[in-house]
Amino acid sequence: MRYSGFRVIAEALTGHKGWKPVWRDPAPQAEYDYIIVGGGGHGLATAYYLAKEFKQARIAVLEKGYLGGGNVGRNTTIIRSNYLLDGNEPFYEFSLKLWEGLEQDFNYNAMVSQRGIINLIHTDAQRDAFTRRGNGMILNGADAELLNRDQVRAMYPFLNFDNARFPIKGALMQRRGGTVRHDAVAWGYARGADMRGVDLIQNCEVTGMRIENGRIRGVETSRGFIGAKKVGVAVAGSSSKVMAHAGMRLPIESHVLQAFVSEGLKPFIAGVMTFGAGHFYVSQSDKGGLVFGGDIDGYNSYAQRGNLPVIEDVAEGGMALMPAIGRARLLRTWGGIMDMSMDGSPIIDKTHVEGLYFNGGWCYGGFKATPASGWCFAHLLAKDEPHKTATAYRFDRFLKGLMIDEKGQGAQPNLH
Ligand SMILES: Cc1cc2nc3c(=O)[nH]c(=O)nc-3n(C[C@H](O)[C@H](O)[C@H](O)COP(=O)(O)OP(=O)(O)OC[C@H]3O[C@@H](n4cnc5c(N)ncnc54)[C@H](O)[C@@H]3O)c2cc1C
């Protein structure tokens, strides 16, 4: 079923009786050509592009819970491509370009909103660093602008410009950055994949891997063994647990990251804003709630909930930047499990097991990467070679010391 304005009007006039379930609920088959483990944004996007762009068939996505129940539905919805390093910027710019055409591509309203993102500058050294990053972005075909203090004040007059400790001296702006309705991204990719014959199998946990003579033969699941020629793992915060089934120990730790939503307020924050002197970032949802976040909780955990000290720390960052936030009530918080890699950058690579591929290490920046991650992982699975924008995301960079270390940009355990 294609969605359109005409369809919405027709359904409104006929009692909405024509809407169909958006994806099937198939039983697992005995064998597939491709199994994608993990029905989050990255797994679903991988299956979608495998079928649509790389014309592959006999594909299944195995999800231990329900589609979109992981980080894809828990993040603070920010998209951007404001990275510095060559290993990262072309990839994230590719992703931003895919976001720009995504809704037309998968015929689903994901509320892609390019409302702009600013990174506030508080010191001269920070201005130098952001200028350098902006230049790097422009050299890679992205957009970047340096704003002075008056320009920031004209946009957001309620910020604490009189704070002598954290003076606001300007900002790096990317106008094409913004927000996307996160769960609609999972649903859009799921629908698009299902329409192309991909089996989306929920409540199906991968509990083991069958590997014979160095080659993957399939996966053990809570619904029995399922054979596969190729298996791609995209399970975000569960990466270390799932890859342990193949005898791999990853350069990844799992940590909790929390998100926060305030009560609905009148619109006053047009875009996305990050505080440069502490860890706090904020945008305002279409319903008026302030959506904000900050640091990870800072200890290893697989629990999808956070703790009070970090809530206090994030609230302090918000108060330092915009004291008015102190009058808003916090409506809800939740946590997601981050797959924190040791340099804050992702991995999209083959493994030592033939036919087994890995996608992870997205830390707390993987939502914006969803389209490019899916595309590049599908490219790797279908062609057995990395996509040109993802050549740096290999395991062996940890062996060779070729870290992709974006200080203050990607997440870095203990450092950011
Ligand atoms: C609070 C918070 C805020 C964030 N904010 C942003 C942001 O603003 N911008 C940004 O770019 N990124 C952000 N992120 C990061 C981003 O959400 C993640 O990097 C990204 O969603 C991870 O990829 P995914 O969508 O595939 O993960 P997930 O949605 O977590 O998908 C992984 C799936 O694998 C499944 N799985 C796990 N183990 C198994 C198994 N054994 N068998 C089968 N299935 C299994 C899980 O159930 C899950 O559904 C944020 C994350 C959090 C938690």
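Helices H2 and H6 cross in a left-handed sense, where left-handed means that the near helix is turned anticlockwise from the far one by less than a right angle. To see this crossing, select residues 41–52 for H2 and residues 182–195 for H6, whose axes come within 8 Å and cross at roughly 30°; axes here are lines fitted to C-alpha atoms over the stretch in contact, with angles from 0 to 180 degrees between N-to-C directions. H2 and H6 are therefore roughly parallel to each other, a label for angles under 35 degrees, while 65 to 115 degrees counts as roughly perpendicular, over 145 as roughly antiparallel and the rest as oblique.

This is a predicted model, in which local features need pLDDT of at least 70 and side-chain atom pairs count only at pLDDT 80 or more, whereas totals for chains, interfaces and linings use all residues. Residues are numbered from 1 along each chain as its sequence is written, and side-chain values use heavy atoms, leaving out hydrogens and water.

Staying with the H2 and H6 pair, show Gly41, Leu44, Ala45, Ala47, Tyr48 and Tyr49 of H2 together with Ala186, Tyr189, Ala190, Gly192 and Ala193 of H6, which make the contact (heavy atoms within 4.5 Å). By class, nine of these residues are nonpolar, two are polar and none is charged.

On the H2 side select Tyr48, Tyr49 and Lys52, which meet Leu98, Leu102, Asp105 and Phe106 in H3. This contact has five nonpolar, no polar and two charged residues.

From H3, move on to H9, residues 370–383; the axes of H3 and H9 come within 7 Å and cross at roughly 105°. Select Phe91, Phe94, Ser95, Leu98 and Trp99 in H3, which meet Thr370, Pro371, Ala372, Ser373, Trp375 and Cys376 in H9. The residues of this contact divide into eight nonpolar, three polar and no charged.

Finally, centre the view on the ligand, which 37 residues surround, the closest being Glu63, Asn71, Val72, Thr76 and Lys368 (a heavy atom within 4 Å). Which ligand atom lies 2.7 Å from a backbone N or O atom of Lys368? An oxygen atom of the ligand does. A backbone N or O atom of Phe367 lies 3.0 Å from a ligand nitrogen atom, and one of Cys363 lies 3.3 Å from a ligand oxygen atom.

Terms used:
Helices (H or I, at least four residues) and strands (E, at least two) are DSSP runs, numbered from the N terminus. Ala, Val, Leu, Ile, Met, Phe, Trp, Tyr, Cys and Pro count as nonpolar, Asp, Glu, Lys and Arg as charged, and the others, Gly among them, as polar. A polar contact is a pair of N or O atoms within 3.5 Å; within protein, one must be able to donate a hydrogen and the other to accept it, and residues adjacent in sequence count only if both atoms are side-chain atoms.
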